[in-house]
Amino acid sequence: REACRTIEEKARAKGVAAGIPSFTGIDRDVQFAEMGFNFIIREADLRTFAQAAKANLRTLKQKLGEPL
């Protein structure tokens, strides 16, 4: 909890978004928001990002004629 507060405080001091990944439930996300985090990355977001990255890499390899 203290580490999260430190991250949030340092982000605010630099004038950037305070972000944190979240692999727990909505209740924990509410706690993060109440602590001042304004960029909460959900597990599903990360999974979607990874899937899109894989698809883009596959397309790039195909266009370059590289094996998949």
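Which residues of strand β1 lie on its covered face, and which on its uncovered one?

Modeller: A word of caution before the details: this is a predicted model. Strand β1 covers residues 19–22. Its covered face holds I20 and S22, while G19 and P21 belong to the uncovered face.

To place the strand, start with the chain. It contains three helices and two strands, and reading from the N terminus the elements follow the order α-β-α-β-α.

The partner of β1 is strand β2, made of residues 39–42. The two strands pair in the parallel sense, with four bridges between them. Two positions show how they line up. G19 has F39 of β2 as its bridge partner, and I20, from the covered face of β1, stands opposite I40.

Two aromatic residues come next, F32 and F37. Applying the pairing rule for rings gives a count of one aromatic pair. That pair is formed by F32 and F37, with 5.9 Å from centre to centre and 70° between the planes. The arrangement is edge-to-face, because planes over 60 degrees apart count as such. Both F32 and F37 are buried.

Beyond the unit there is helix α3, which takes in residues 43–64. Its length can be checked by simple reasoning. The helix has 22 residues, and at 1.5 Å a residue it should span 32 Å. Just after α3 comes G65, where phi is positive, at about 75°.

Now for the chain as a whole. A compact globule of 68 residues would have a radius of gyration near 11 Å, but this chain has 17 Å. The C-alpha trace spans about 50 × 30 × 15 Å along the principal axes. Of the 68 residues, 16% are buried, F32 and F37 being among the buried residues. As for contacts between residues at least 6 apart in sequence, 28% of them join residues at least 24 apart.

To return to the part you asked about: β1 has I20 and S22 on its covered face, and pairs with β2 in the parallel sense.

Key. Residues numbered from 1 in each chain as written. Predicted model: local features only at pLDDT ≥ 70, side-chain atom pairs only at ≥ 80, totals over all residues. Heavy atoms only, no water. Buried < 20%, exposed > 50% of the residue type's maximum accessible area, 1.4 Å probe, protein only. Pairing = 2+ DSSP bridges. Expected span 1.5 Å × (residues − 1). Phe/Tyr/Trp six-rings, centres within 6.5 Å; stacked < 30°, edge-to-face > 60°. Rg over C-alpha atoms; globule rule 2.2 N^0.38 Å. Contact = heavy atoms within 4.5 Å.
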